[in-house]
Amino acid sequence: MDLAAVAVELYTLVPSAFTAARTARAKEAKFAGDAELAKHIAQLPKPSTAAWAVNMLVRHGTKEFASVLELGASLGKAQEQQDHDRLRTLGQQRPRVLGAAVEQARAVAEGLGVKVSGAAAMEIEATLRAAMTDPGAAAALRSGQLVRSLATNGLEPVDLAGAVAIAGGLPTVGPGKEEPDDGGRAGSQLARADSEREREKAQTALAEAERNADKADQELAQAEREKSEAVRRSEQLAVDVKAAKDKLAALQQELAATEWAITLAERNRKLAARQAERERRTAETARARLAGLL
């Protein structure tokens, strides 16, 4: 019995069986006279539901987990090459790839009788996102002995303190099998990650700056569209105002002409009234003369 073999066994069990199995293995080691091994076994931490679900996702060799690592590697390469178009294209794929991996992790866990809550699913997604952006986090996941969820802020290296059951010499779990590595593949990956942290940090900062620049470009484009719309509206209103002024001038001219026509009509009415009065008097005179002749 050795610690690595016991860890492989324990971290394959469902969480509800972990504590009893750990106690049993510690007792066996103590009974065999290896008190130090018994102590280390007893100290192996029980994984959270989210961490255990990720371990199962890895141990079952799912294509969804492979897609997470592949996309992470592609993103890292695009960042290194400063390929902005490629980064945008890959960034658009990230929600779909992460979503599929989270759903598969939940399916695997529930297939083993463990229900994954919404909160645990969010932790699973955060852990997979960390593995996508940080080589050390990816190595921790590949160990299959994750004990807590991981998180990344996109700027600093992922905190891996206490995240893996055994800090080095872990078995690497490949698709569909559990196979010890050369005595430190995960550990060497973690060591290499230390030397790459500054480069990854700079690349992440670059990606963040590019995202901010893209956002600023979008806001500028929106402001320019709003300005263009305002200018167009102003020009249209100026045309409408000119048309209204022209119409007002025409109406004012028409009003003045109409008022002059009223004045002329009133003058003609008065002349016609006087003429009619004279004609009535002439008619009255003629009528009186005719009556005198009769």
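In the predicted model, the axes of helix H7 (residues 118-133) and helix H8 (residues 135-142) come within 5 Å and cross at roughly 125°. H7 and H8 are therefore oblique to each other (angles under 35 degrees count as roughly parallel, over 145 as roughly antiparallel, 65 to 115 as roughly perpendicular and the rest as oblique). H7 passes H8 in a left-handed crossing. On the H7 side, the contact (heavy atoms within 4.5 Å) is made by Thr 127, Leu 128, Ala 130, Ala 131 and Thr 133, and on the H8 side by Pro 135, Ala 137, Ala 138 and Leu 141. These residues divide into 7 nonpolar, 2 polar and no charged.

Residues are numbered from 1 along each chain as its sequence is written. Local features need pLDDT of at least 70, side-chain atom pairs count only at pLDDT 80 or more, totals for chains, interfaces and linings use all residues, and side-chain values use heavy atoms, with hydrogens and water left out.

Helix H5 (residues 63-80) and helix H6 (residues 84-111) have axes that come within 9 Å and cross at roughly 160°; H5 and H6 are therefore roughly antiparallel to each other. The crossing of H5 and H6 is left-handed. Residues making the contact include Leu 71 and Leu 75 of H5 and Leu 87, Leu 90 and Val 97 of H6. By class, this contact has 9 nonpolar, 6 polar and 3 charged residues.

The count of aromatic pairs comes to 1 (ring centres within 6.5 Å). The ring centres of Tyr 11 and Phe 18 lie 5.3 Å apart with the planes at 50°, so the pair is tilted (planes under 30 degrees apart count as stacked, over 60 as edge-to-face and the rest as tilted). Both Tyr 11 and Phe 18 are buried (under 20% relative accessible area, 1.4 Å probe, protein chains only).

Notes. Axes are lines fitted to C-alpha atoms, for helices over the stretch in contact, and angles run from 0 to 180 degrees between N-to-C directions. Helices (H or I, at least four residues) and strands (E, at least two) are DSSP runs, numbered from the N terminus. A crossing is left-handed if the near helix is turned anticlockwise from the far one by less than a right angle, and right-handed if clockwise. Ala, Val, Leu, Ile, Met, Phe, Trp, Tyr, Cys and Pro count as nonpolar, Asp, Glu, Lys and Arg as charged, and the others, Gly among them, as polar. Rings of Phe, Tyr and Trp (its six-membered ring) pair if their centres lie within 6.5 Å; planes under 30 degrees apart count as stacked, over 60 as edge-to-face and the rest as tilted. Buried means under 20% relative accessible area, exposed over 50%, partly exposed in between (1.4 Å probe, protein chains only).
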